[in-house]
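Q: Could we go through this structure together, one feature after another, so that I learn how each is read?

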Amino acid sequence: MKSLIPLTITILSQIEKGKSIRVELRKTISEYKLNREEESTLYSLVFEIFRKLNVIDLYIKKSSSSFSIKKISSKTRALLRIATYLLKVDNRQFEYVKENLESYYENIQELGFDEILKLIQDIREEELYANRVDLASKLSIEFFTPTWIVRKFINQWDEDFATELVSTFIQNLPAYVRVNPFKSNLEEISTNFRSKKITFETVKAIDGLLKITESELPIPQYDVFKEGKIVIQQKASALTSLVLNPQEGEKILDMCASPGGKTSHLAALLGDGSNIEAVDINEERMKILKERLKLLGITSVKTTQADARTLHNQTREEYDKILLDPPCSGSGTYSSRPEIKWRVKQRDLRWYINLQQDLLKEASKLVKKEGTIVYSTCSLYREENHEIISSFLERNSNFSLAEATPMLGLPSQLLQNKAQELYPHIHETEGFFIAKVKRNS
Ligand SMILES: C[S@@+](CC[C@H](N)C(=O)[O-])C[C@H]1O[C@@H](n2cnc3c(N)ncnc32)[C@H](O)[C@@H]1O
């Protein structure tokens, strides 16, 4: 544990600067060649701290009025968060925490680290609930989620649904992998998994998708992943390409394509002769997309780095089918990316909504008559889902809603039961929304 502390401090500081937990963990594990036990301790330490950050910070805040957690150095903040997690969430003894962290101690203004930890140790859990009268702010502590998010969920559904949903944010969702037909097949992967003692179940309605029920190592560490024979992809994400239902000979546009989970699935559904164009605005992410396609042995996809909001200036092409999977709040992914629970604020939603609207408007200019657009997000917020689609349909009478089948999620009552919603507590996958609109002839 002791040797992992400086690595954890660095990772926590990097995440504060906007980096992704998973990327930082993977980088650190490979750079320092951590063994299996160290890796799993580091994973759970970093994940747990970010999943429960509001409560950890509240303990720190209540411990002393002589400093503000925002005003101390990021290294000291990280160390305090680790210590508080160990003391109050992991229920470790004070001596254990001191022994493991002491060599990294810094003074926090006029107080010493030990004194602060003793103050934190004495805070009772009930004190965190002081002055929290409404249900949302109580659930915010119980399920480690910002109050505005809980309140939003209660308003969107009801208290029971919101409570069940937020309770999944502190749990791990199952991992899924998709067999890549360009490099392997179900038989080879099944045999390989059995030899590695990886247990799995096939997923009904999504050919080649496997739910991993047990594995000794994280999936990225197995050769079949490194060799591009399987792709890690959530069930809801894989469903999106099926809803687009690409057919041979059709011209397909993937407007926001990187890192390519859905692009590669579309290519897999179509085989070698596919006619897919994958666009992404971001240079770095475009590089990732190209590398991913190369690893998977997919050569037929045309990649273009461009702002998809203005594609019609560059191309007069009309597409048969367009997949629009735009940037979103990511509120369906709080379990696997807990850092964004704290990073994406309520005030940021407007920015996402404007971008989503602009991209959908552009898609409507590029799709052929009788063509379809599939719109998907990993968001649970209606503003980014139903409201984007209904306001688009209000403004574009030449489009109508089509059935987003196969329907594995809940049919969206707000959209004539034609779009679908997936929820972590019901569907064992990230929160997701999939709608399909059709351009009339
Ligand atoms: C939700 S991710 C897409 C995930 C991808 N569809 C997949 O399944 O792997 C959104 C992507 O949109 C890209 N993006 C953001 N703004 C864009 C724009 N104006 N034009 C094109 N791509 C954009 C981002 O760089 C990001 O890679």
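Around the ligand

A: The ligand is surrounded by 19 residues, the closest being Asp280, Arg285, Asp307, Ala308 and Asp325, where a residue is near a molecule if one of its heavy atoms lies within 4 Å of it. This is a predicted model, in which local features need pLDDT of at least 70 and side-chain atom pairs count only at pLDDT 80 or more, while totals for chains, interfaces and linings use all residues. Residues are numbered from 1 along each chain as its sequence is written, and side-chain values use heavy atoms, with hydrogens and water left out.

Q: Which atom of aspartate 307 lies 2.8 Å from a nitrogen atom of the ligand?

A: A polar contact is a pair of N or O atoms within 3.5 Å; within protein, one must be able to donate a hydrogen and the other to accept it, and residues adjacent in sequence count only if both atoms are side-chain atoms. For aspartate 307, an N or O atom of the side chain lies 2.8 Å from a nitrogen atom of the ligand. The backbone also takes part: cysteine 256 places a backbone N or O atom 3.0 Å from a ligand nitrogen, and a polar backbone atom of proline 259 is 3.5 Å from a ligand oxygen. Of the 610 Å² of accessible area that the ligand has on its own, the protein covers 87%; such areas come from the Shrake-Rupley method with a 1.4 Å probe, and for residues only the protein chains shown count as cover.

Q: What is the peptide bond from serine 258 to proline 259, cis or trans?

A: As a general idea, most peptide bonds are trans, and most residues other than glycine have a negative phi. Here the bond from serine 258 to proline 259 is cis, with omega near 5 degrees, and proline 259 sits in the loop between strand S5 (251–254) and helix H14 (261–270). Helices (H or I, at least four residues) and strands (E, at least two) are DSSP runs, numbered from the N terminus. Threonine 405 and proline 406 are likewise joined by a cis peptide bond, with omega about 0 degrees, and proline 406 belongs to the loop between strand S10 (399–402) and strand S11 (410–411).

Q: Where is isoleucine 281, and which residues is it in contact with, leaving aside its neighbours within four places in sequence?

A: Contact means heavy atoms within 4.5 Å. Isoleucine 281 lies in the loop between strand S6 (275–280) and helix H15 (283–295), and, sequence neighbours within four places aside, it is in contact with Gln305, Ala306, Asp307 and Arg309.

Q: How many residues of helix H1 are buried?

A: Helix H1 (residues 4–16) has 13 residues, of which 10 are buried. From its first C-alpha to its last, H1 reaches 18 Å, close to the 18 Å expected at 1.5 Å a residue, the expected span being 1.5 Å times one less than the number of residues. The buried residues of H1 pack against helix H2 (21–31), helix H3 (36–51), helix H5 (74–89), helix H6 (94–101) and helix H16 (339–343). After H1 comes glycine 18, whose phi is positive, near 110 degrees.

Terms used:
Buried < 20%, exposed > 50% of the residue type's maximum accessible area, 1.4 Å probe, protein only.
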